[in-house]
Amino acid sequence: MRNSQAEAAEVDQPDRIVLFDGVCRLCSAWAKFLIRFDRRHRFKLATVQSPEGQAILARHGFPQDHFDTMLLVEGPAIHTKSAAFLRVMRRLPFPWPLACIAWIIPWFVRDWMYDRVALNRYALFGRLDSCLVPHEDHENRFFKAHD
């Protein structure tokens with residue numbers, strides 16, 4: 001029998017889950033942006049602090065106590081940093097896919113720029129006292145262990 005943490009890490013092939021730092025103001029704003037503009041509900045959200053987020057991190061070998069990148073989980077594939085951001089943007093409605101012009105920038109330059117923001121996000125944008133809690137009408141946008 002599998003435990004609930006292992007079940008929480010199970011991501012079906014069609015699932016696309018965006019893991020984000022729930023106490024980071026910038027990251028929470030990103031989640032709200034996705035709720036607003038992902039009209040086709042292509043992405044589920046999960047905070048890295050949630051049981052589901054922790055299980056996904058553990059399953060894929062990411063630290064569970066230090067978060068320096070958002071993750072995009074697409075079935076068995078994991079994307080991080082600028083690649084995760086750009087893969088999300090290309091699936092949003094126009095004009096957001098235009099951001100994908102950044103693919104022409106070499107990945108190591110994109111990720112270096114991503115790291116500058118990610119590593120200083122609390123100093124630049126602040127920290128929330130608690131994780132983003134979904135409103136009732138957005139609750140289905142968050143990944144749950146039994147989705």
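Which residue in S2 does Ile17 stand opposite? I looked this up and found Lys44 there.

**Basis.** I am working from a predicted model, in which local features need pLDDT of at least 70, side-chain atom pairs count only at pLDDT 80 or more, and totals for chains, interfaces and linings use all residues. Residues are numbered from 1 along each chain as its sequence is written, and side-chain values use heavy atoms, with hydrogens and water left out.

**Overall.** I noted six helices and four strands in the chain, taken as DSSP runs (H or I of at least four residues for helices, E of at least two for strands) and numbered from the N terminus. Along the sequence I read the pattern α-β-α-β-α-β-β-α-α-α. Of the 147 residues, 42% count as buried, that is, under 20% relative accessible area with a 1.4 Å probe, protein chains only.

**Sheet.** I traced an open sheet of four strands in the order S2-S1-S3-S4, with mixed pairing, where two strands pair if DSSP finds at least two bridges between them. Strands S2 (44-47) and S4 (77-80) are at the edges with a single partner strand each, so one side of each has no neighbour in the sheet. Strand S1 (residues 16-20) pairs with S2 in the parallel sense over four bridges.

**Helices on the sheet.** I saw helix H3 (residues 51-59) lying across S1, S2 and strand S3 (71-74), at about 100° to S1; angles run from 0 to 180 degrees between N-to-C directions of axes fitted to C-alpha atoms, for helices over the stretch in contact. Helix H4 (residues 81-89) packs on the sheet and touches S1, S3 and S4, contact meaning heavy atoms within 4.5 Å.

How values were computed. Buried means under 20% relative accessible area, exposed over 50%, partly exposed in between (1.4 Å probe, protein chains only).
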